[in-house]
Amino acid sequence: MRDKIREIEKSAVEEITLAVDADALEKARVKYLGRKGLVTELFKNMSGVSPADRAEIGKLINALKETVSKALDEKTPVLSGGSDSGAQKTDITLPGIIREIGRLHPISKTIEEICGVFISLGFKVVEGPEIENEHYNFEALNIPLEHPSRDAFDTFYLNDKWLLRSHTSPVQARFMETNKPPFAIIIPGKVYRPDATDASHSFMFHQIEGLVVSDNIRFSDLKGALTLFARQMFGENTRMRFRPSFFPFTEPSAEVDISCILCSGDAAQRAPHKCSLCGGKGWIEILGAGMVNPKVFRNVGYNPEKVTGFAFGMGVERIAILKYGITDIRMFFENDIRFLRQF
Ligand code: DAH
């Protein structure tokens, strides 16, 4: 009897393990646990077992029944969905669920890239409020009362005193009021101007401001930093041009151009077909800059006899447009996934 029990266990486990579909499994179930099954037979034969062995044999048969049931239970989900079960079968040939990995918006990416260049030069990233007051947006920066940008039509005023900042320059004044030189900071952020939206204008865009103040900062330091930036951003062969300009918060001031990234400012390329990017000029304006005006230092409590500095401000969208060859600024803000996916 004991041998028989062992034999049945061995063959049952083997058959269940090797069952290739739900049908085979069901057959095994009937063969062993069915009403006329082999395990059931064993129970029926108990009457022929001597009373001395009965308890032990009974236990062995019960254990066998349990082993077979367990083996069947474990195998069932693996084979579920067999021809007659009606349950759903996993189709392992179906493509998996693709989880798309997010990515940075091209503007965030450009901000990170620009800041990265300056961070490598030792600059620290600083931010400031987008709702600004007249003092920091204008007065502290030596922008006079009659300046057109102070007009309600040129700025988003919230009330008499507060407005959406029209540039990142006010953060210069905020930072200087609470920090002592020497320092080198870079200030990324959103700015607002009530421009009618078109391919090259948006009422909101991003700027990056730079400010370096120490005891002996010269215009050549500004040139060096910006030249390095332009080469890292647009390629080793990029040339720079500084044109005299005017900003109330810098003196002297300059508008800074890079050699055209499409035609390289190459005369042969410019004629007879004018370059579509620079219009044949060979140069593209990328930012405004200058030496910090002594009046700005005085406004924040610095002694202009003791400190000098340079500042610059650039439009992030403009840099991204040039770098990636984008033709319309609105693409940055429409959230069209087909556009964003390319970055
Ligand atoms: N704030 C200026 C603007 O929005 C840009 C600018 C020009 C910033 C010269 C500067 C600078 O720091 O030195 O047009």
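1. Basis. This is a predicted model: local features need pLDDT of at least 70, side-chain atom pairs count only at pLDDT 80 or more, and totals for chains, interfaces and linings use all residues. Residues are numbered from 1 along each chain as its sequence is written, and side-chain values use heavy atoms, with hydrogens and water left out.

2. Polar contacts. A polar contact here is a pair of N or O atoms within 3.5 Å. The E209 side chain places an N or O atom 2.6 Å from a ligand oxygen. For R193, a polar side-chain atom is 2.8 Å from an oxygen of the ligand. F312 contributes through its backbone: a polar atom there lies 3.3 Å from a ligand oxygen. The ligand taken alone exposes 360 Å², and the protein buries 88% of that; accessible areas come from the Shrake-Rupley method with a 1.4 Å probe.

3. Strand β5. Strands are DSSP runs of E, at least two residues long, and helices are runs of H or I of at least four, numbered from the N terminus. β5 spans residues 204-214. Of its 11 residues, 11 are buried, meaning under 20% relative accessible area; exposed is over 50%, and partly exposed is in between (1.4 Å probe, protein chains only). In a regular strand the side chains alternate between the two faces of the sheet. In β5, M204, H206, I208, G210, V212 and S214 point one way, while F205, Q207, E209, L211 and V213 point the other.

4. Neighbours of β5. Two strands pair if DSSP finds at least two bridges between them. β4 (residues 183-192) pairs with β5 in the antiparallel sense over 10 bridges. F183 stands opposite V213 there. β9 is antiparallel to β5 too, with eight bridges. I208 faces M314 in β9, and Q207 faces G315.

5. Strand β9. β9 covers residues 308-315, and six of its eight residues are buried. β8 (residues 283-292) joins β9 through five antiparallel bridges. G290 has A311 as its bridge partner.

6. Surface patch. I261, L262 and L277 make a nonpolar patch of about 240 Å². I261 sits in the loop between β7 (250-259) and α9 (267-270).

Note on methods:
Patch = residues over 30% accessible without salt bridge, like charges linked within 9 Å, V, L, I, M, F, W, Y side chains within 5 Å. Salt bridge = Lys/Arg side-chain N within 4 Å of Asp/Glu carboxyl O. Polar contact = N/O pair within 3.5 Å; in protein donor to acceptor, adjacent residues only side chain to side chain.
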